[in-house]
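These are my notebook entries on one structure.

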Amino acid sequence: MKAFFCEEQLLHEPRQFMRLGRLCAPTDTPARARALQAALAARGVSLEQPPDYGRAPLHGVHSPDYLDFLEHAYTRWLALKAQGMDPGVEVLPNLAPYHSGHPEQAERGPCPSSSIVAQAGYYLGDLSCPVGPHTWRSALRSTHSAVAAADQVARHQGIAYALCRPSGHHAHRDRASGFCYLNSGAVAAQRLLQTYGKIAILDVDAHHGDGTQQIFYQRPEVMTLSLHADPAGYYPFYTGHVHERGYGSGHGYNLNFPLAHGTDTEAFLAALDNALVALRDYRPRALVLSLGFDTYIDDPISVLALDIDAYRHIGERINGLGLPTVIVQEGGYLVEAIGPALDAFLQGMAQTVPD
């Protein structure tokens with residue numbers, strides 16, 4: 001199995017995020033990636049550095065105005081000092097323009113204001129996405145790992161793993177949220193479409209993949225399926241419900257499987273089996289798996305209760321699909337658990353994983 005990662009992905013070191021009205025120490029730290037690297041090395045999987053693809057692979061997924069904002073936001077933020085202001089250490093929004101969040105709405109278009117303060121509110125969906133000096137570069141190179149994995153699978157079929165950090169599945173077409181800036185899973189799917197024409201994205205992170213849903217909500221050539229904690233009382237709250245099925249030509253190709261808080265391994269796997277029935281019926285030619293480990297029972301921000309062995313069973317089921325597959329790493333914030341979780345997943349995949 002080929003795996004991809006770039007050291008520049010470690011450069012993003014957020015200083016803060018808001019939770020329950022408090023500015024907290026970040027949970028998306030570089031140590032997460034180091035733990036996953038160690039798990040891969042223990043299995044003899046070496047990480048290859050992806051080429052620098054620039055912004056080109058992002059254009060089918062993210063809007064140009066959003067990419068412009070993200071690339072230049074920190075420099076523009078610092079420039080506020082020259083205007084007599086006193087900006088904080090990172091770009092964070094202090095206002096939130098009204099947006100219903102319904103993916104069937106027409107695109108918002110670029111921010112109507114040229115102010116960096118206004119644009120921070122427009123393009124940063126919450127207070128968990130601070131933009132620091134290296135955020136753009138780290139997020140961009142994270143997508144390059146996903147693109148390299150997709151290109152590997154397009155050339156050779158089989159399975160490839162992208163150690164994506166920062167994560168991506170909460171990133172909308174024109175908005176960062178939930179620790180996510182650029183949607184690596186969506187970028188990988190867009191890349192695979194060039195070869196395979198019909199793709200499924202299966203998300204098994206603890207949180208609903210709201211950004212992925214929004215990006216593909218009106219597109220029948222990509223089916224999105226997400227298993228996640230019931231969003232009625234859990235992030236991202238506003239999306240991830242059963243009735244959200246897609247819109248227009250995409251209707252019927254978005255499926256959500258919200259899970260009761262406290263769902264254990266047995267119940268999670270039963271829901272996954274139901275999702276896989278729908279996935280097989282769709283008959284995709286390739287798969288993107290958004291793989292999160294924040295479903296683990298002791299994860300600091302999870303409300304689900306999976307044990308480590310759950311990830312072996314997930315790997316077995318993904319392996320059993322027999323599809324060309326790009327695995328894109330998403331969440332998982334208990335550093336000492338995510339290495340064993342990835343190892344268990346790879347055990348499940350190990351039966352017939354081609355190079």
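**Strand β5**

I began with strand β5 (residues 159-162) and found both of its faces covered: Ile159 and Tyr161 on one side, Ala160 and Ala162 on the other, all buried. By buried I mean under 20% relative accessible area, by exposed over 50%, and by partly exposed anything in between, with a 1.4 Å probe and protein chains only. Strands here are DSSP runs of E of at least two residues, helices are runs of H or I of at least four, and both are numbered from the N terminus.

The model is predicted, so I note that local features need pLDDT of at least 70 and side-chain atom pairs count only at pLDDT 80 or more, while totals for chains, interfaces and linings use all residues. Residues are numbered from 1 along each chain as its sequence is written, and side-chain values use heavy atoms, with hydrogens and water left out.

Next I looked up the partners of β5, taking two strands as paired if DSSP finds at least two bridges between them. Strand β1 (residues 2-4) runs parallel to β5 and is joined to it by three bridges. In this pairing I find phenylalanine 4 opposite alanine 162. Strand β10 (residues 325-329) also runs parallel to β5, with four bridges between them.

**Cysteines**

How many disulfides does a search of the whole structure find? I get zero, a disulfide being a pair of cysteine sulfur atoms within 2.5 Å. I checked two cysteines to see why. For cysteine 129 the closest cysteine sulfur is that of cysteine 180, at 6.6 Å, which is too far for a bond. Cysteine 129 is buried, at 0% relative accessible area. For cysteine 164 the closest cysteine sulfur is again in cysteine 180, 10 Å away and also too far for a bond. Cysteine 164 counts as buried at 1% relative accessibility.

**Salt bridges**

I then searched the whole structure for salt bridges and found 16. The criterion is a side-chain nitrogen of Lys or Arg within 4 Å of a carboxyl oxygen of Asp or Glu.

Arginine 55 bridges to glutamate 71, with the closest N and O atoms 2.9 Å apart. Arginine 55 is in the loop between β4 (47-48) and α2 (64-78), and glutamate 71 is in helix α2, so this pair ties together parts 16 residues apart in sequence. Both ends are partly exposed: arginine 55 at 21% relative accessibility, glutamate 71 at 31%.

Aspartate 174 bridges to arginine 108, the closest N and O atoms being 3.1 Å apart. Aspartate 174 sits in the loop between β5 and α5 (184-196) and arginine 108 in the loop between α2 and α3 (116-123), so the parts tied together are 66 residues apart in sequence. I find aspartate 174 buried at 11%, whereas arginine 108 is partly exposed at 23%.

Arginine 191 bridges to aspartate 151, with 2.8 Å between the closest N and O atoms. Here two helices are involved: arginine 191 lies in α5 and aspartate 151 in α4 (residues 135-156), so the pair ties together parts 40 residues apart in sequence. Arginine 191 is partly exposed at 21%, and aspartate 151 is buried at 13%.

Which residues are linked in a network of salt bridges? I list Glu8, Asp52, Arg137 and Arg141.
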